[in-house]
Amino acid sequence: MATPESNAGRQGRHHVGREVVVKVEGLHKYFGRNHVLRGVDLEVHKGEVVVLIGPSGSGKSTFLRCLNFLEDPTSGDITIGGVHVTCGGHGSAFKRAVHDIRMKCGMVFQEFNLFPHKDATENVIEGPILVKGEKKDEAIRRAHDLLTKVGLAERMDYFPSQLSGGQKQRVAIARAMAMDPVLMLFDEPTSALDPELIGEVLKVMKGLADGGMTMIVVSHEMGFSRDVADRVVYMDEGQFIEQGPPSQVFFHPRDERTRRFLRHVLPEKEPEHAAELGITEVGQDLPAPEATPGGAEGS
């Protein structure tokens, strides 16, 4: 398996440090008899951007929701920002640790989940004031800085009903960042957007990545995954099937399940990328490595 340091070095994208921000060991999740996560292991280093891809129902969103305990993992160990939790526990110490992990994570969902009766600034300051006990003046100053950073300096007093979908999602990103997370989780943040609005959200996410934010992203945006990720993880049936730098996973996948996924999804969702790989129609197999760009690198 490629290490995060080697991934960053090969891609030349982000400075990936030695500090492990996320460590997941043997993570299992059952919904009744449905075994959704099957012993997942993952380490993410400071500044690393990891993108999860895979078919619908493979467990990607469940994995993300288990990391900050929006779903209760059945078993396994999760450590984020130095806070460790053995899943499936009970009692006050367990609940405190779960709370501490949640405080380490910012999460952006498919839907924006903004308070409709609050303007952009009020949406962003809600968490810092109520959860972290920040003074209102300081929370507002920080909210204005973040809204400016995501390109909404002229929309700070706009209500969600006055914003486009892309603008709402950028408010949601600012809201998550206002909690000063060590890890940002993105669960298909562009899937509810009109195509013309997707780029503005991906631009903000790329800016966060370039600024050193550690990120785990579930995305069907293959171009973003290829261009921004330090590591791409292909997930299927509750397991991590294959992972590595984008140049490996996209251009030289080693597992047949990854190859099958790419040759079915790319012609429809990323035709330009598919053309780069030599795929001109759904179901067509990937060409031999020497026929694709950067063949020597992935061999």
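Two strands are taken as paired if DSSP finds at least two bridges between them. Helices (H or I, at least four residues) and strands (E, at least two) are DSSP runs, numbered from the N terminus. The structure is a predicted model, in which local features need pLDDT of at least 70 and side-chain atom pairs count only at pLDDT 80 or more, while totals for chains, interfaces and linings use all residues. Residues are numbered from 1 along each chain as its sequence is written, and side-chain values use heavy atoms, with hydrogens and water left out.

Strands β1 (residues 20-31) and β2 (residues 34-45) are antiparallel and are joined by nine bridges. Y30 faces H35 of β2, and L27 has V40 in β2 as its bridge partner. Two residues separate the strands of this hairpin, where G32 adopts a positive phi near 65°. Both strands belong to an open four-stranded sheet with antiparallel pairing and the order β2-β1-β4-β5. The edge positions are held by β2 and β5 (83-86), each of which has a single partner strand, so one side of each lacks a neighbour in the sheet. From one strand to the next, the twist averages 10°; axes are lines fitted to C-alpha atoms, for helices over the stretch in contact, and angles run from 0 to 180 degrees between N-to-C directions. Helix α2 (residues 60-67) packs on this sheet and touches β1, β2 and β4 (75-80), its direction making about 120° with that of β1. Contact here means heavy atoms within 4.5 Å. Helix α3 lies across β4 and β5, at about 130° to β5.

A second open sheet has six strands in the order β6-β7-β8-β3-β9-β10, and its pairing is mixed. Its edges are β6 (105-108) and β10 (239-244); each has a single partner strand, so one side of each is left without a neighbour in the sheet. The twist averages 20° from one strand to the next. Within this sheet, β3 (residues 49-53) and β9 (residues 231-236) run parallel and are joined by four bridges, with V50 opposite R231. Helix α3 (residues 91-104) also lies across β6 and β7 (183-187), at about 60° to β6.

The largest pocket contains about 550 Å³ of space. Its lining comprises 18 residues, of which R102, C105, M107, R175 and M179 are the closest to its centre. A pocket is an open set of points on a 1 Å grid over the protein atoms alone, where a 1.4 Å probe fits, with protein on both sides within 12 Å along at least five of seven lines; lining residues have an atom within 4 Å of a point. Grid points are joined across faces, edges and corners, and the volume is the space filled by probe spheres set on the points. At least two lining residues come from each of α3, β6, α4 (120-130) and α6 (165-177).
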